[in-house]
Amino acid sequence: MTSSIERPDHRLHVSVASADAFARGLARGERLREVLPGGIAAYDRLFRLGGIGAAQVREDAAHALDAVDAFRPAARAEIEGIAQGAGTDVLQIAALNARTEILARSSTVPPGECSTLVRRIEEAGAARTFGVQTWDWHVELTPYWHTLESRGAAHDVAGLTEHGILAKIGVNSAGLALHFNILGHRADGVGGVPMHVLAAVVLQEAGSVAEALEIVRAAPVASSGSFALFDAAGGHDGSGVAEAVLLDISPDGVFAVAPEGGALVRTNHFLSPTPAAREKTWLYQPDSGERHELLRWRLAESPAPTAPDDLVAFLRSGAGEAALTCVPDMNLPEGQRWASLATVVLDPRTRTARVLDGTPVEAETRVWRTLRA
């Protein structure tokens, strides 16, 4: 399976550094000033296709911004900084950060699909974890994401995100890594901390899986998502045992899924019974289940991966297989064309995020960008 996506010749990289959240946002907005309007316009189209009017989007964005302010004022300040630096309305930036929650209103523009695999191995008598995922989303958003190195919060962060959105997938300087998948719950809505903002807070503040769990469990959420969290050695000082956990985050609560056979496997359905009882199964099934089973089968039948790059091959799929590699059908209308926009390998031990502007099938033919937190 090959990619038919037209990608930029040079993917934008944004690097900012400041202990002040507003200043970090301001610097990000200035770097995005020329390209951010295109991302805003793309989401405006998706909202309209989903039957969500402009007034509703602004109302939802305002509610999301209030929730962010109550949870982490610094995150709101960073959003406001992006808006000022880019010369845009702060509610437009808030809508981008809450795009998952706003789109949950739609029954005609379903969310995208991602596949994630995290492996825990014993190496020289100690545990090591590393992970890979595809970021699958609307092909129309191909031009509107960038790689990021953000320094100055409690922990530095490296990874990728969309234009105007605080964070998505990444690793921090304490050796905590976060992969991000979207889930669907019937009670999903606006009014809590948006999933993308929560991911940013975790990466900026948490020094271990245990600390990340405390932050997530304390967050007032009104939507669903999954964080695969794994660290280098269980703490800031490198002591302890490397941890890995998969979270079902939902309006019903936060549920942890332990590794199975040394691996975490995540597609786009709940793995815990309580949120699964109110899942929007029509969004992802049977596709999500088929991808999940294919990954589990490959783990059982293939030699155990021993290094981060070994994981990439597990996400390659061809004709007749579940779509771990997602290639868009351009015959479908806008809002229904899914693509693997990026492939990301996270290694907490080296504090690195390796980002491929391409699909897992293109791992040997396109250039990877290595970022260090």
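Predicted model: local features only at pLDDT ≥ 70, side-chain atom pairs only at ≥ 80, totals over all residues.
Let me begin with Phe227, which is buried at a relative accessible area of 0%, where buried means under 20% relative accessible area, exposed over 50% and partly exposed in between, with a 1.4 Å probe and protein chains only. Residues are numbered from 1 along each chain as its sequence is written, and side-chain values use heavy atoms, with hydrogens and water left out.

Which residue forms an aromatic pair with Phe227? The partner is Phe180, and the pair is edge-to-face, at 5.4 Å centre to centre and 85° between the planes; rings of Phe, Tyr and Trp, for Trp the six-membered ring, pair if their centres lie within 6.5 Å, and planes under 30 degrees apart count as stacked, over 60 as edge-to-face and the rest as tilted. Phe180 is buried too, at 5% relative accessibility. The pair links distant parts of the chain, 47 residues apart, with Phe180 in strand β7 (residues 176-181) and Phe227 in strand β8; strands here are DSSP runs of E, at least two residues long, numbered from the N terminus.

Now to the sheet around these strands. Eight strands form an open sheet of mixed pairing, in the order β1-β4-β5-β6-β7-β8-β9-β10, and two strands pair if DSSP finds at least two bridges between them. At the edges stand β1 (13-17) and β10 (253-257), each with a single partner strand, so one side of each is left without a neighbour in the sheet. Strand β8 (residues 226-231) runs antiparallel to strand β9 (residues 244-250), and three bridges join them; Leu229 stands opposite Val245 in β9.

The structure holds three aromatic pairs, and one of them is formed by Trp135 and Trp145, whose ring centres are 6.0 Å apart with the planes at 90°, so this pair is edge-to-face. Because Trp135 lies in strand β3 (residues 126-138) and Trp145 in strand β4 (residues 145-151), the pair ties together parts that are ten residues apart in sequence. Trp135 is buried at 3% relative accessible area, and Trp145 is buried at 1%.

Finally, two arginines. The charged end of Arg99 sits over the ring of Trp137, 3.9 Å from its centre, and that of Arg354 sits over the ring of Trp368, 4.6 Å from its centre; the criterion is NZ of Lys or CZ of Arg within 6 Å of the ring centre and within 35 degrees of the ring normal.

Technical notes:
Helix = DSSP H or I, 4+ residues; strand = E, 2+ residues; numbered from the N terminus.
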